[in-house]
Amino acid sequence: MVKEKAKIKEISLSPTKGGFVLFKKPSSKQDYNFRDIALVRQLLSKEKARTLETIKTQNPSSIYELAKKLGRSFKSVNNDVKLLKKFGFIELKEEFVKKRKRLKPIIVVDTLNISVKL
């Protein structure tokens, strides 16, 4: 049996003027400025963790199906999915069913490492 390599997401937080800067990747030029740690907590909220767990364990075929499985509105789940995609936790795979395009959320990380530089 071949063991699959773990997919690890690295997030580094560094202090900046009144907040933190989150670096997507050490080599990436794109960074995200958080005014306070509460904004990072929003990124890693219970609902987003539940969303990631549902994608991982129940393999929904679309964002709409994910919203139904979570018992949440499509708009709220879609906003969370966009944010999770922006930060590289998930990808959206385009699938066509009866000439309609749907986006299937797929987990792309197994582990999340967070480091905070003070």
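Modeller: Happy to! Helices are DSSP runs of H or I with at least four residues, strands are DSSP runs of E with at least two, and both are numbered from the N terminus. This is a predicted model, where local features need pLDDT of at least 70, side-chain atom pairs count only at pLDDT 80 or more, and totals for chains, interfaces and linings use all residues. Residues are numbered from 1 along each chain as its sequence is written, and side-chain values use heavy atoms, with hydrogens and water left out.

Let's go to the loop between S4 and S5, where Lys98 lies. S4 covers residues 90-97 and S5 covers residues 100-107; the two strands run antiparallel and are joined by 8 bridges (strands pair if DSSP finds at least two bridges between them). Within this pairing, Leu92 faces Pro105 of S5. The hairpin leaves 2 residues between its strands, and Lys98 has a phi near 50 degrees, a positive value in a residue that is not glycine. Most residues other than glycine have a negative phi. Lys98 counts as exposed because its relative accessibility is 78% (exposed means over 50%, buried under 20%, and partly exposed in between, with a 1.4 Å probe and protein chains only).

Asn59 is not a glycine either, and its phi is positive at about 50 degrees. Its place is in the loop between H2 and H3, the latter being residues 63-70. With 46% relative accessibility, Asn59 counts as partly exposed.

H2 spans residues 46-58 and packs against H4, residues 74-86, at an angle of about 80 degrees, with the axes 11 Å apart. The pair is therefore roughly perpendicular (65 to 115 degrees, between N-to-C directions on a scale of 0 to 180, using lines fitted to C-alpha atoms over the stretch in contact). On the H2 side the contact (heavy atoms within 4.5 Å) uses Glu47, Lys48, Thr51 and Leu52, while H4 brings Asp80, Leu83 and Leu84.

Now for the whole chain. There are 4 helices and 6 strands, and in sequence order they read β-β-β-α-α-α-α-β-β-β. The chain has 118 residues, and 32% of them count as buried. Taking contacts between residues at least 6 apart in sequence, 45% join residues at least 24 apart.

Methods. Angles under 35 degrees count as roughly parallel, over 145 as roughly antiparallel, 65 to 115 as roughly perpendicular and the rest as oblique.
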